[in-house]
Amino acid sequence: MTAFATKDELMTVFDLDGSDDTVGKLVFGKNSSGNAQEWYIVGKDKGVSGENTIIWDAGALAPISFIPSDSGSSDKIYNPDWECTYPGATPISVYVNHYGGSWIREALKTWATNTNYFTTAEQRLMNDTTVTTWDEKNKMDYTTTDRLYLLQGELSKTTLSVGSGVEEKTLLILTGSP
């Protein structure tokens, strides 16, 4: 399609049940340069307020450096304001690269509500998605709930995934050693 499409049309045209490898793109929002932001259409996610479309950034929403600003220490104190959900007791400290308390997560949350990136109408179309991340220091999973989030990966694996745990889709299979 080269015009506006409804959710049902997206689900049908791009065969989001996974039986077809066709990759679609859609334009949604603007990037930091003010140009239209393109997203790959990845699949369905029934784990988020019913049936939804999973999309993945086809180009940088904004320039990002993945070096943490507080890289001088290996631990930091866990902050309940991060709104991470742990099973059982909340940890006292986490590794410095903990996603729930990262500057990149905070930036993504800001971008999701900034009308320079997404109009108010576009923001209403975005759903909160709960994703599970492994806390290496405390040896347990925790969840975060956001509208924009990073791909999920694990140190010992060679894949990157996106989506809620209910409908997680593998996006990239990396070659070489993890």
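Analyst: Within the largest nonpolar core, which has 22 residues, F118 and L148 touch the most other members. A nonpolar core is a set of buried Ala, Val, Leu, Ile, Met, Phe, Trp, Tyr and Cys residues joined through side-chain atoms within 4.5 Å. Buried means under 20% relative accessible area, exposed means over 50%, and partly exposed lies in between (1.4 Å probe, protein chains only). Two or more residues of this core are given by each of β1 (24–30), β2 (36–45) and α2 (103–112). The helix α2 supplies the largest share, five residues. Helices (H or I, at least four residues) and strands (E, at least two) are DSSP runs, numbered from the N terminus.

The model is predicted, so local features need pLDDT of at least 70 and side-chain atom pairs count only at pLDDT 80 or more, while totals for chains, interfaces and linings use all residues. Residues are numbered from 1 along each chain as its sequence is written, and side-chain values use heavy atoms, with hydrogens and water left out.

The chain holds three helices and 10 strands, and along the sequence they follow the pattern α-β-β-β-β-β-α-α-β-β-β-β-β. Of its 178 residues, 34% are buried.

In general, an α-helix has 3.6 residues a turn, so residues three or four places apart point the same way.

R105 belongs to helix α2 and is buried, with a relative accessible area of 2%. Leaving aside residues up to four places away in sequence, R105 touches W82, E83, C84, Y99, G100, T144, T145 and D146. Contact means heavy atoms within 4.5 Å.

The strands β1 and β2 also contribute to the core. They belong to an open sheet of three strands in the order β1-β2-β3, with antiparallel pairing; two strands pair if DSSP finds at least two bridges between them. Because β1 and β3 (52–57) stand at the edges with a single partner strand each, one side of each is left without a neighbour in the sheet. The twist averages 50° from one strand to the next; axes are lines fitted to C-alpha atoms, for helices over the stretch in contact, and angles run from 0 to 180 degrees between N-to-C directions.

Five bridges join β1 to β2. K25, for example, has Y40 in β2 as its bridge partner. The hairpin of these two strands has five residues between them, and there G34 takes a positive phi near 85°.

A further buried residue is S93, with a relative accessible area of 17%. S93 lies in strand β5 (residues 93–95). Apart from residues up to four places away in sequence, S93 touches D75, K76, I77, Y78, K137 and N138.
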